[in-house]
Amino acid sequence: MTAETRPEAEPQDPPFTRFRSAVRRLYFGSSARSRYWRMGLLVFDFLAISYFFASILFGLNGTDHRLDYVIGAVMLADYLLRLAAASRPFKAMISFMALADAVVIASLFASAVVEGLALLLVVRMLRLLRSYHLIRELQGHMPFFRRNEQVIQALVNLTVFIFVVSAAVHVLEKGRNPGIDTFLDALYFTVTTLTTTGFGDIIMTDAYGRLLTILIMIVGVGLFLRLVQTIFRPLKVAHKCPECGLSRHDPDAVHCKHCGISLNIPTEGDWR
């Protein structure tokens, strides 16, 4: 039973049951109010991620953390409402995404008692994981995101990898490596290593740093090549063949290239 097909709360139900039913309608319903609510959350996620980028790259928040507390309060309210909307709140609370959100929320409020701890800034990069949720929602609202699903997904994978690994480089090497003092230094090192440019002005001298460099080279280059292949190879659409299970086909395909069965691929009539 999906969230949209759960029975509505009756007037005689306890107040909390009626509240959970109302929250489910906001997060999973198909009404105009539900769509506006979810779109508002998407805008908030985009702005929060942009703020985290700016604050960690350019130090915009400085010692005034009022915006941190506002973002943290909104994220906490959204976190609690999502738990209330879940059919199994405890299972939802221990999911990876919920745990990542909890860490980010804690880092926002921790700035009230801890100043200058780099870890508080870099863990906020975990909010980048929300990019996957944001892209899935946008695919349901905008044809552009549906048409370019593969390219956007590959780009998001590469971006998340670069910034999360840069955060790890910053945490592990700050204070150890004289060439890495800020997050921008760590980002610079990650990108030059990923692109195999290797200027040599920043090098790893300890075991942890060298292991991390190997990770960047192996995984990062693979993600980069995947992005390039996705951009330049012929566009495919996701449509599972009912006979052989082939999951991707040309947008205008009428027969499966693997088994030859007739296909009925839904399109919007604007493929070129």
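Asp78 and Arg82 sit 4 residues apart in helix H3, so about one helical turn separates them. Their side chains meet in a salt bridge, with N to O at 3.0 Å. The term salt bridge stands here for a side-chain nitrogen of Lys or Arg within 4 Å of a carboxyl oxygen of Asp or Glu. Asp78 counts as buried at 10% relative accessibility, while Arg82, at 22%, counts as partly exposed. Buried means under 20% relative accessible area, exposed over 50%, and partly exposed in between (1.4 Å probe, protein chains only).

A word on the model itself. It is predicted, so local features need pLDDT of at least 70 and side-chain atom pairs count only at pLDDT 80 or more, while totals for chains, interfaces and linings use all residues. Residues are numbered from 1 along each chain as its sequence is written, and side-chain values use heavy atoms, with hydrogens and water left out.

Now step back to the whole chain. Its secondary structure comes to 11 helices and 2 strands, and from the N terminus on the elements run α-α-α-α-α-α-α-α-α-α-α-β-β. Helices (H or I, at least four residues) and strands (E, at least two) are DSSP runs, numbered from the N terminus. Of the 272 residues, 39% count as buried.

How many salt bridges are there by this rule? The count comes to 3. Asp181 is partly exposed at 47% relative accessibility, and Lys174 is partly exposed at 39%. Arg176 also pairs with Asp206, their closest N and O atoms being 3.6 Å apart. Arg176 lies in the loop between H9 and H10 and Asp206 in the loop between H10 and H11, so this pair ties together parts that are 30 residues apart in sequence. Asp206 counts as buried, at 16% relative accessibility.

A cavity is a set of points on a 1 Å grid over the protein atoms alone where a 1.4 Å probe fits but cannot get out, and lining residues have an atom within 4 Å of a point. Met75, Asp78, Tyr79, Arg82, Asp101, Ile105, Arg127 and Arg130 form the lining. Helices H3 (66-85) and H5 (96-110) are the elements that give two or more residues to it, and H3 gives the most, with 4.

Met75 leads on to the largest nonpolar core. Such a core is a set of buried Ala, Val, Leu, Ile, Met, Phe, Trp, Tyr and Cys residues joined through side-chain atoms within 4.5 Å. Of its 43 residues, Phe52, Ile71, Met75, Met125, Leu128, Phe163 and Val169 touch the most other members. Helix H9 (149-173) is one of the elements that give two or more residues to this core, and H9 gives the most, with 11. Leu128 touches Ile49, Phe53, Val160 and Phe163, not counting residues up to four places away in sequence; contact means heavy atoms within 4.5 Å. A second, separate core of 6 residues includes Val237, Cys241, Ala253 and Cys256.

Notes: On a 1 Å grid over the protein atoms alone, a cavity is a set of points where a 1.4 Å probe fits but cannot get out, and a pocket is an open set with protein on both sides within 12 Å along at least five of seven lines; lining residues have an atom within 4 Å of a point.
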